[in-house]
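Welcome, and please open the model in your viewer. We will go from one selection to the next, with a short note at each stop.

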2 protein chains.
Amino acid sequence: MNAPLDKSPAPDFDAAFLAGLEDLLRWRRDVRRFLSDAVPSDLLDELLTLAALAPSVGNSQPWRFVKVNAPERRAAIRENFEACNADALADYEGERAKLYATLKLNGFDQAPVQLAVFLDTGGELGHGAGTKTMPETLAYSVVGAIQTFWLAARSRGIGVGWVSILDADKVRESLDVSEDWQLIGYLCVGYPQEEHIDPELDRHGWQERVDVGRFIVER
Amino acid sequence: MNAPLDKSPAPDFDAAFLAGLEDLLRWRRDVRRFLSDAVPSDLLDELLTLAALAPSVGNSQPWRFVKVNAPERRAAIRENFEACNADALADYEGERAKLYATLKLNGFDQAPVQLAVFLDTGGELGHGAGTKTMPETLAYSVVGAIQTFWLAARSRGIGVGWVSILDADKVRESLDVSEDWQLIGYLCVGYPQEEHIDPELDRHGWQERVDVGRFIVER
């Protein structure tokens, strides 16, 4: 099953690479405005191969990727979002409600690729190592794969947007996957209409980014 | 609070960078064998700054980083691990138990840096956007920051090991942080003794890596 092991020496990363990596992290965005241009399917599979290089607890590899292609399934997900987003809007008042209503929170209208990413809670790999006291690390392993996918995509000029305003159980039902599968993230994927270095929600006045120094303590 | 916005154009990533990124993903490892060499504190802070470029739901930036320095606190965490690991070992039988007992599952003995990473469930940023139906995305945001930290560290030759065999509530108590803080991951950080392209648990016969194609379905 495994590819032959690469015997080449461990890489050293030079200054140009480190600068590029910082650019990649700074220019990754949650994209909600896509071009309709197709993403080549071999490129998408390459990105999923890179995503699966993420760490996983016990090497459990519990990620499951669903390429959501059928128009009727996409329509069901979009209706799911619309209902949840109307509920969410109802929680805000005054200016904050007005602002929320103006935010573009998904790319369902144009993203050529939609990916639902699940945790398989019935997965058989990993033999339970590392999950007895913190079983949530299985879900976290899937999140690591999503963040890896996101960075790999951006490195190739492809944008990703993570939609969390969804009823997760209904997504699973709409996609007709195992009841053992727990939705971790629903991703819109495609070439972005525009590039920004500042986060969407910062640019539109919802929440600015603050210095990480506020969030570091010593003990 | 925010730095002036970078007005430079969005970067294009060239073939050399893409090859380097693939190397980075392939050679990132969960490291448990460290050199005792110190990690410069400004380098650690630089890595945390990069970690905070991770996406977060509603731009909530709910990550909190605790640099665990005090020997007595480190000793408490290690005792916590030893107790949890003895419990975990008791769940295995026969050959699997023998194998489990040989695995090195933490780097507490030598890692010069220990970082506890929390979710602040009482965080005040983000105004709740995106968290009504899937509040677990707050924890997932912290995981994205950890994975980003991990890759940034590896790019500078620094290894990271994530220890999840811990009683999370006791870790919080040992570190005397707010009850609103939920442990997401406990990290050992330092220069690695050795470099490998194959995952530790694969190399030692616990769980091999499988092709991601097994985990992709279409709908």
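Start in chain B of this predicted model and select strand S3(B): Gly159(B), Gly161(B) and Val163(B) lie on one side, Val160(B) and Trp162(B) on the other, and all of them are buried, leaving both faces covered. In a regular strand, side chains alternate between the two faces of the sheet. The strand runs over residues 159–163, and five of its five residues are buried.

Which residue of S4(B) is the bridge partner of Gly161(B)? Look for Cys188(B).

Now move to Thr131(B), in the loop that joins strand S2 (113–120) to helix H5 (137–155) of chain B. Is Thr131(B) buried or exposed? It counts as buried, because it has 20 C-beta neighbours inside 10 Å. Leaving aside residues up to four places away in sequence, Thr131(B) touches Val57(B), Gly58(B), Thr137(B) and Leu138(B). For a contrast, select Lys104(B) too: it is 27 residues from Thr131(B) in sequence, and their C-alpha atoms are 37 Å apart in space.

Finally, zoom out and show both chains. Chain B superposes on chain A by a rotation of 180 degrees with 0.0 Å of shift along the axis, at an RMSD of 0.0 Å. The two copies are therefore related as by a two-fold rotation axis.

Terms used: Residues are numbered from 1 along each chain as its sequence is written. Chains are lettered from A and ligands numbered from 1 in the order in which they are written. This is a predicted model: local features need pLDDT of at least 70, side-chain atom pairs count only at pLDDT 80 or more; totals for chains, interfaces and linings use all residues. A residue is buried if 20 or more other C-beta atoms lie within 10 Å of its own, exposed if 12 or fewer, and partly exposed in between; C-beta atoms are placed from the backbone. Helices (H or I, at least four residues) and strands (E, at least two) are DSSP runs, numbered from the N terminus. Two strands pair if DSSP finds at least two bridges between them. Two residues are in contact if their C-beta atoms, placed from the backbone, lie within 7 Å. Copies are superposed by least squares on the C-alpha atoms of residues with pLDDT of at least 70 in both.
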